[in-house]
Amino acid sequence: MLFDRVSSEGMEQNIDVDTWISILDNICDIMDASNAGIITISDFTRLGFESVLCSSTKLCEQHKSKISCFCEYVYKENRTVYLSGCACGEATVEKEPDDYKSFCGVPISGTDGEVFAILFVFDLNPTEYTESQVNLIENISTLLRSEILLKEESRILYKNSHFDIMTMLLNRRGFFHEFNKANIDEGEIVCLYFDLDNLKYINDTYGHFKGDDYISGFASCIRNNIKYNMIPARVGGDEFIVVIHSEESGYACELVRKIRADFHDFIEGFRGDDDVSLGFSYGCGTSDFQSLNIINLIKSSDENMYRNKKNKL
């Protein structure tokens with residue numbers, strides 16, 4: 001399902017919010033309507049909704065349960081629904097004097113056909129929209145769908161080209177992209193270079209699927225301990241780096257300690273009957289921001305890692 005059943009946050013990441021608020025305002029002007037909005041399926045319930053993109057937040061809050069009810073009806077019908085004088089199909093709920101009288105809603109679907117949002121217009125008075133006006137709402141929903149799907153496709157392409165699919169860590173390309181974005185201009189930079197012990201033995205003895213589990217288990221230990229000032233990546237088959245930007249001494253040592261403890265717990269449930277040594281070797285390189293060359297820093301930590309690995313043999 002698109003965006004894992006789109007959240008309001010996911011919606012706002014994939015459209016130009018200011019532009020669409022302006023478009024919703026234009027819809028209200030053209031339709032002479034009280035309000036227009038976009039609500040995601042994950043947001044509506046019979047009690048209301050968490051959030052909605054709309055031309056009038058105040059009116060949406062006043063009528064949120066009824067908007068949710070109507071949007072649920074459109075979702076279930078999976079078609080354009082225009083109700084000129086009542087809401088939610090056959091509903092006969094007695095209305096207050098200031099209640100809505102008219103709804104027009106269009107479902108917005110992903111490439112899988114699943115509805116993930118509703119574009120709606122509602123009015124406090126009965127309406128008589130023309131076929132052209134309803135078609136306009138449908139055409140605007142098509143533009144919204146195209147923008148969301150295009151940006152989602154771009155997001156997927158970015159994810160596939162910048163992340164390692166098996167471990168969900170950055171790959172080499174993704175690492176350099178994120179590092180360049182960081183624009184570090186102060187403090188110390190530490191690079192930790194990790195290499196798993198005896199992966200070849202695991203692959204040869206138990207098969208490559210077991211080897212993948214070994215790699216993924218270590219990657220999880222890294223992910224579970226990453227903070228905002230760290231950039232982790234898988235840069236080879238069983239090789240990982242974590243670059244840390246910090247002014248605190250001992251930050252890297254503490255991270256290694258936590259990863260080692262977590263990986264030890266993983267290995268206890270992972271290993272077979274043999275007593276082959278499992279774990280990781282690592283090397284560390286440091287630089288200040290003034291003399292930083294990230295390629296040289298990675299090479300330095302890599303060399304230190306291999307030196308430490310040889311000393312273990």
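**Ground rules**

I worked from a predicted model, where local features need pLDDT of at least 70 and side-chain atom pairs count only at pLDDT 80 or more, while totals for chains, interfaces and linings use all residues. I counted residues from 1 along each chain as its sequence is written, and the side-chain values use heavy atoms, with hydrogens and water left out.

**Entry 1: the sheet**

I looked up the strands (DSSP runs of E, at least two residues, whereas helices are runs of H or I of at least four, both numbered from the N terminus). I found that 5 strands form an open sheet in the order β4-β1-β7-β6-β5, with antiparallel pairing; two strands pair if DSSP finds at least two bridges between them. The edge strands are β4 (53-54) and β5 (81-83), each of which pairs on one side only.

I then followed the pairs. Strand β1 (residues 35-40) is joined to β7 by 6 bridges, and I noted that Ala36 has Val121 of β7 as its bridge partner. Two helices pack on this sheet: α2 (residues 17-31) touches β1, β4 and β7, and its direction makes about 135 degrees with that of β1, while α5 (residues 131-162) touches β1, β5, β6 and β7 and makes about 30 degrees with the direction of β6. Here an axis is a line fitted to C-alpha atoms, for helices over the stretch in contact, and angles run from 0 to 180 degrees between N-to-C directions; contact means heavy atoms within 4.5 Å.

**Entry 2: strand β6**

I checked how β6 is held in the sheet: it pairs with β5 in the antiparallel sense over 3 bridges, and 8 bridges join it to β7. Phe103 of β6 is the bridge partner of Leu83, and Phe103 also has Phe122 of β7 as a bridge partner.

Is β6 enclosed or open? I recorded that 8 of the 8 residues of β6 are buried, so the strand is largely enclosed by the rest of the structure; buried means under 20% relative accessible area, exposed over 50% and partly exposed in between, with a 1.4 Å probe and protein chains only. Ser102, Cys104, Val106 and Ile108 point one way from β6, and Phe103, Gly105, Pro107 and Ser109 point the other way. In a regular strand the side chains alternate between the two faces of the sheet.

I looked at Ser109, which lies in strand β6 (residues 102-109) and counts as buried at 16% relative accessibility. Leaving aside neighbours within four places in sequence, I found Ser109 in contact with Asn78, Glu114, Val115, Phe116 and Arg145.

Glu114 sits in the loop between β6 and β7 (115-123), and at 36% relative accessibility it counts as partly exposed. The strands β6 and β7 form a hairpin with 5 residues between them, and Gly113 in the turn has a positive phi of about 85 degrees.

**Entry 3: helices α8 and α9**

I noted that the axes of α8 (residues 208-223) and α9 (residues 251-270) come within 9 Å and cross at roughly 150 degrees. That makes α8 roughly antiparallel to α9, since angles under 35 degrees count as roughly parallel, over 145 as roughly antiparallel, 65 to 115 as roughly perpendicular and the rest as oblique. The residues making the contact include Tyr214 and Phe218 of α8 and Phe263 and Phe266 of α9.
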